[in-house]
Each structure stands twice: as structure tokens, then as C-alpha cells.
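Subject: Structure for your review

Dear colleague,

Please find below the structure that I am handing over to you. My findings follow it.

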Amino acid sequence: MDPVTALAAAELKRRLWRLLVRVLAVVLPVALVGFLALTVFTMSLLAGEPSDSEPAVMGCGTVDRPAVVSVSSFDSEQLANAQTIVAVGRELGVPQQGWVVAISTALQESGLRNLPFGDRDSIGMFQQRDAWGSRAERLDPIQSTSMFFRGGHGGQRGLLSVPGYLELPVAEAAQAVQVSAFPTAYAKWEATARQLVGAPSIAAASCAAARGLNQDSKVVDVALSQLGVPYSWGGGTLTGPGPGFGSGTGVVGFDCSSFTRYVWFQATGITLPRVASDQAAAVAHVPLTEIRPGDLLFFHDPRDSSGVYHHVALYVADGQVIHAPASGRTVEVKVIDLSADRPWGDDDVVAGRPDASRKQRP
């Protein structure tokens with residue numbers, strides 16, 4: 001190669017190298033940022049919010065509830081919710097003072113009831129808003145209690161993240177989580193909360209894993225024990241038939257959702273929401289071909305909005321369900337052909353299983 005050509009080649013090589021260095025100086029930082037962003041996103045999917053198939057609290061598929069001795073004027077639902085708060089707190093390693101804070105909060109926010117309504121979008125025992133989690137999660141006593149202690153899915157602070165919460169006044173600790181417009185309101189419930197926590201049947205509540213197949217028959221047995229109980233719109237509690245209101249005034253019995261709620265609570269300790277639509281949103285949906293005894297069947301009129309279910313029944317076996325049908329009738333067993341396109345009039349039918357994949361959404 002002659003000297004001129006060699007010199008030209010060297011100059012071209014030098015310019016190409018400088019161009020490459022400039023390109024890399026621009027491209028490498030962008031690529032590195034993109035890689036880090038992708039890594040963070042992937043890790044958040046794998047290790048962030050619990051997946052739809054895992055329980056909100058490991059080992060707390062349901063609550064083992066000692067028989068409740070009457071405490072003050074509280075009813076069965078309130079006492080069951082107090083047991084749930086204690087059980088979840090115990091599972092998460094929260095000391096007794098934390099239970100007092102949580103129960104005081106629930107007493108103020110909902111009267112210790114699992115309300116499907118509230119101010120704006122607030123629902124559940126702790127009146128958690130949409131940003132905390134799905135409607136199903138906020139109406140699940142175990143999951144809503146877990147969020148109160150551990151924080152919401154939108155980054156809301158839980159009690160365990162409040163510095164020195166065990167040394168703070170109850171109202172101040174509760175306010176640190178709730179961020180209420182009435183920060184001192186929780187204080188008046190402290191004595192009552194301590195009374196509840198001090199009750200042996202509440203203090204002994206603990207978490208247990210979700211039920212197995214051997215409990216299917218227990219659910220069905222409890223349901224069948226209520227055959228012949230009158231239908232009562234708005235009637236029924238966790239402990240049995242009760243007086244209704246409206247068209248159910250003066251009738252002691254169950255409506256469709258209070259019946260399934262009673263059965264599941266008595267058989268397994270699981271507390272379902274009060275109305276059929278919220279029950280449907282709170283359970284794992286399963287194919288009709290995989291339905292088993294004890295599962296719930298929800299009925300949707302295609303003319304209604306998505307997620308609205310006007311009736312719920314409990315599957316017995318061999319194409320039979322048991323349900324509280326309508327005013328003037330009683331709890332009965334009815335045949336249903338689940339292989340038909342429309343097994344229940346013109347309704348769409350969805351099956352749900354209360355203890356499986358607690359966070360699964362419809």
C-alpha cells in the first residue's frame with residue numbers, strides 16, 4: 001500500500017472509531033436505563049403485590065374461632081370480625097396493642113361490620129377506598145385486616161409501617177393509617193377494644209389453612225339442616241334465621257345470600273360478604289364442569305350490569321342445589337342441569353369457591 005493510501009486509510013479508521021465512540025456514548029446509557037427499568041418491572045411482577053392465587057396472609061385461608069361468649073351488646077358478626085382481626089394480627093406477629101388499634105379503628109369506621117358501602121368509594125370494616133385494593137379484597141375480612149396492618153396495594157401505609165406505633169396513643173396510631181378527617185374519633189373506642197381483646201374466645205382466635213375436600217360434606221350438611229326455614233328478605237345472620245325488613249318484615253328466616261353466608265360461616269369459619277354480588281366478587285370462580293359440593297352458584301340476568309348477581313344457591317351434588325328462593329317459600333333443594341346452555345331460566349350461571357385463590361377476581 002502506497003503512503004498516501006495508507007494515510008487515508010488510517011484517517012478513515014480514526015474517524016470511524018470516533019463516530020463509534022460517540023454513538024456508544026448515546027446508546028449505552030439509554031440501553032442501560034431501559035434494561036434497569038425492565039428488570040425493576042419484572043421483579044415487581046414476581047415479588048411485589050401478592051399474586052391472584054395466593055392468600056393475603058400466608059397460612060390464613062380461614063379463621064379458627066372458639067365458641068364466642070357474649071361480650072357486651074355485640075352481635076355475632078361483630079364478634080366474628082373481632083376474632084378475624086386478632087387472628088390475622090397474630091399470624092403477622094402483631095402484638096396485642098396492635099389488635100386494640102385495629103379493633104378501635106374498625107369500631108369507628110364501620111361499627112365492626114363488613115359494610116358494602118360507605119363515604120364515596122369506602123367499603124369494608126376499615127372503610128378502605130378504591131386505591132387500597134379491589135372491592136373483593138376490601139370486603140374480605142382477612143384481606144382488609146391484612147391491608148390495615150401491612151398497607152394497601154396503592155402504597156398506603158399500614159400500621160406495621162408506622163414508627164413506634166406500639167408506644168403511640170391508640171387514636172394517633174389509627175390516624176397514621178386511616179388519615180381521617182376526624183383524627184381523634186378513634187380514642188373513644190379504646191376501652192371497648194380492650195374489652196373485646198380481653199375476651200378469651202376472641203383472644204384465642206387464630207389463622208388456619210384453607211379447607212380441603214373433606215370439609216365439602218360439612219358445608220352441605222349445614223345447608224341441609226336448614227331445609228324448610230322460611231324465606232325472609234333481609235333476614236338471617238351468621239348464627240341463624242332472623243327477622244327481615246321490607247317484604248320480609250315479621251318473617252324469621254333467610255334470604256338467598258344470608259343463607260349461603262350462614263352456611264359457610266358455620267361450616268368453615270369463612271365470613272362472606274352480605275349480598276350475592278359481593279359474594280361473587282369475593283370468591284374464586286371455577287368452571288361449571290369442575291363444580292363440587294359446597295360451591296356457590298351465582299345467577300346473572302344478562303340485562304343487568306356486569307358483576308350484578310340477583311341470586312345465589314349452594315351446590316349439593318348430582319345436579320342439585322339448595323337455596324332460599326323467594327318470599328312465601330322456604331329453603332329447598334332444586335334440580336339444575338349444568339350441562340344446559342341456560343340451566344336457570346334465562347340467567348347466566350357462574351360457580352364460585354370461597355376458600356380457593358382468595359384474591360381471584362371475576
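Strand E6 (residues 296–300) pairs with strand E10 (residues 348–353) in the antiparallel sense, over 5 bridges. In this pairing, Leu297 stands opposite Ala351 of E10. Please bear in mind that this is a predicted model.

E6 also pairs in the antiparallel sense with strand E7 (residues 311–317), here over 4 bridges.

Which way do the residues of E6 point? Leu296, Phe298 and His300 point one way, while Leu297 and Phe299 point the other way. In a regular strand, side chains alternate between the two faces of the sheet. The residues on both sides of E6 are buried, and the strand is mostly covered, with 5 of its 5 residues buried.

The axes of helix H3 (residues 96–110) and helix H7 (residues 190–198) come within 8 Å and cross at roughly 120°. H3 is therefore oblique to H7. The crossing of these two helices is right-handed. Among the residues that make the contact are Trp99, Val100, Ile103 and Leu107 of H3, and Ala193, Leu196 and Val197 of H7. By class, the contact of H3 with H7 has 7 nonpolar, 4 polar and 2 charged residues.

Finally, Ile142 lies in helix H5 (residues 141–150). Is Ile142 buried or exposed? Its relative accessible area is 6%, under the 20% cut-off, so Ile142 counts as buried. The C-alpha atoms of Ile142 and Cys60 are separated by 7.7 Å, although the two residues are 82 residues apart along the chain.

Yours sincerely,
A colleague

Definitions and conventions
Residues are numbered from 1 along each chain as its sequence is written. This is a predicted model: local features need pLDDT of at least 70, side-chain atom pairs count only at pLDDT 80 or more; totals for chains, interfaces and linings use all residues. Side-chain values use heavy atoms; hydrogens and water are left out. Buried means under 20% relative accessible area, exposed over 50%, partly exposed in between (1.4 Å probe, protein chains only). Two strands pair if DSSP finds at least two bridges between them. Axes are lines fitted to C-alpha atoms, for helices over the stretch in contact, and angles run from 0 to 180 degrees between N-to-C directions. Angles under 35 degrees count as roughly parallel, over 145 as roughly antiparallel, 65 to 115 as roughly perpendicular and the rest as oblique. A crossing is left-handed if the near helix is turned anticlockwise from the far one by less than a right angle, and right-handed if clockwise. Contact means heavy atoms within 4.5 Å. Ala, Val, Leu, Ile, Met, Phe, Trp, Tyr, Cys and Pro count as nonpolar, Asp, Glu, Lys and Arg as charged, and the others, Gly among them, as polar.
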